[in-house]
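Okay, thanks for coming, everyone. Let me put the model up on the screen, and then I'll walk you through some parts of it.

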Amino acid sequence: MVERETWTSKLGFILACIGSAIGLGNIWMFPWRLGQFGGAAFLIPYLVFVFLLGTTGLMGEFALGRSQQRGPIGAFEKVFKDKNLPFGGIIGSIPAIAVGGIFTFYSVVVGWVLKYFSLAVSGAFSHMNIDNAFENFAGHPESIFWNILAILITLSIVVLGVKQGIEKVNKIMMPSLFIIFIILLVRSLSLSGSIDGVKYLLLPDWSYLLKPITWIMALGQAFFTVSLGGGAMLVLGSYLRRDEDIPSSAIQTAFFDTGAAFLAAFIIIPAAFAFNLDVSAGPPLLFITMPHIFIKMSGGTFFGIAFFLCIIFAAISTEVALMEVIVEAFMDRLRFSRKKGVLTAACIAIILGIPLDLNMNFFGKFADFITIYLLPLSALLAAITFFWIYGVERARAEVNRGALRPLGKWWGFFAKYVFVFVAGAVLILGIIYGGIG
């Protein structure tokens, strides 16, 4: 078996987790939901869910990975075998397949981001038809090149391994992302009319707390913002040393992930208000609304480059964590070298990604299947495996190993009954509402 690496420091691990958690969903979805579901009122259920449920899920996935020193397939198999239960490896393959699916369609989206970064650098926003440019690019053969480029960039990082690749790159990208975000925040809030965007985000409409949809959307946002799913966080946790503090790592990951979402909200929404643009555009917010802002803004070329560079950092850091899950599975199950595992994962993603590049309808259906059905199912299976089959007291002991402030028995009850129940509810509600993450 290939020797398993470990993180050189807790900081490296946390930055990798933050990189996995901070993705494109944070950046375009959170600002929209914050405004649409009661402003500051939405924050109450969201923050409760993030710091109670999100951190519990993170602790469970970190500890399951660390305790078994394996990714999802090997970890599930080992836990099931210890209890004389069959099919652990088969069940553990579900999170790995889910991550493979996410990596495939996410690479397409990262390709779009790279394309728009190149447009920002070349100053093309000022002389192109922004409203039609995206639909004339996405779903067309040109996007194949950018998809492959996204995969090759990710490959070049993951092939270097945990210490020299994933850890080193995140130590550069994550601090840089926050620094650039703060610069963009100052510029956005200095725009005339931006205060209306701040009011939109913060003035509470308490009536929304009486609407079940607000709580459902807050739950979905909180559950998936920290990248739960029995895949990436479990694999990142499997490289932890035995004495690392898992509870504090989970809390710090949730804190910085939420911080990035807030920064994105206070960059995008006030700027959109300043120029009277649609703030509820969803994904087009990045590719239509923001370019419109940059061509109208003084110094827009510079800020456009900085903005899309931030998006690249957020997207590639997530890509790296996703690819690592697939590579780890090849290394653990098929005894591949890291290089062979990375090349195999890249080739599969390129081949499967081409149909998604060429057909936006197929892209949407594929992404929906993975995110609405497979990923929530994976998160539920991971929770059941660790908190029920592995055993909640053993799970709590593993979480507390190395913890400065060990968790009490209350946490075991909460994890086994409340968290697992909610993980099941997220799956069911996602199917009913067509996705709540």
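Before anything else, a word on burial: buried means under 20% relative accessible area, exposed means over 50%, and partly exposed is in between, with a 1.4 Å probe and protein chains only. Keep in mind that this is a predicted model, where local features need pLDDT of at least 70 and side-chain atom pairs count only at pLDDT 80 or more, while totals for chains, interfaces and linings use all residues. Numbering runs from 1 along each chain as its sequence is written, and side-chain values use heavy atoms, with hydrogens and water left out.

So, Val320. Is Val320 buried or exposed? Val320 has 2% relative accessibility, so it counts as buried. You'll find Val320 in helix α14; helices here are DSSP runs of H or I, at least four residues, and strands are runs of E, at least two, numbered from the N terminus. Setting aside residues up to four places away in sequence, Val320 touches Thr154, Ile157, Val158 and Ile166, where contact means heavy atoms within 4.5 Å. For a sense of distance, Val320 and Lys211 are 109 residues apart in sequence and 38 Å apart in space, C-alpha to C-alpha.

Thr154 is buried, at a relative accessible area of 0%. Again not counting residues up to four places away, its contacts are Phe103, Ile316, Glu319, Val320 and Met323. Take Met323: 169 residues separate it from Thr154 in sequence, yet the C-alpha atoms are 7.6 Å apart.

On to the pockets. How big is the volume of the largest pocket? About 1,100 Å³. The method uses a 1 Å grid over the protein atoms alone: a cavity is a set of points where a 1.4 Å probe fits but cannot get out, a pocket is an open set with protein on both sides within 12 Å along at least five of seven lines, and lining residues have an atom within 4 Å of a point. Grid points are joined across faces, edges and corners, and the volume is the space filled by probe spheres set on the points.

The largest pocket has 42 lining residues, and Gly25, Trp28, Met29, Phe105 and Thr371 lie nearest its centre. Several helices supply at least two lining residues each, among them α1 (10-21), α2 (24-36) and α10 (212-225). The biggest giver is α16, with 8 residues. By class, that lining has 24 nonpolar, 16 polar and 2 charged residues. Here Ala, Val, Leu, Ile, Met, Phe, Trp, Tyr, Cys and Pro count as nonpolar, Asp, Glu, Lys and Arg as charged, and the others, Gly among them, as polar.

The second largest pocket comes in at about 320 Å³. Its lining has 19 residues, with Ala96, Ile97, Gly100, Ile326 and Phe330 nearest the centre. Two or more residues each come from α5, α14, α15 (338-358) and α16, and α5 has the largest share, 6 residues. The classes are 15 nonpolar, 3 polar and 1 charged.

Next, α13. Of its 13 residues, 10 are buried, so this helix is largely enclosed by the rest of the structure. What covers those buried residues includes α2, α5, α6 (130-133), α12 (246-274) and α14. There's a kink of about 30° at Met290, shortly before Pro291; the bend at a residue is the angle between axes fitted to the seven residues ending there and the seven starting there.

There's a kink in α18 as well, about 35° and centred on Ala415. Just after α18, Gly434 takes a positive phi of about 75°.

Speaking of phi, two more residues for you. Most residues other than glycine have a negative phi. Gln69, though, has a positive phi near 55°. Gln69 lies in the loop between α3 (40-68) and α4 (72-82), and at 22% relative accessibility it is partly exposed. Then there's Phe87, not a glycine either, with a positive phi of about 70°. Phe87 is in the loop between α4 and α5, and Phe87 is exposed, at 58%.

Okay, that's my tour.
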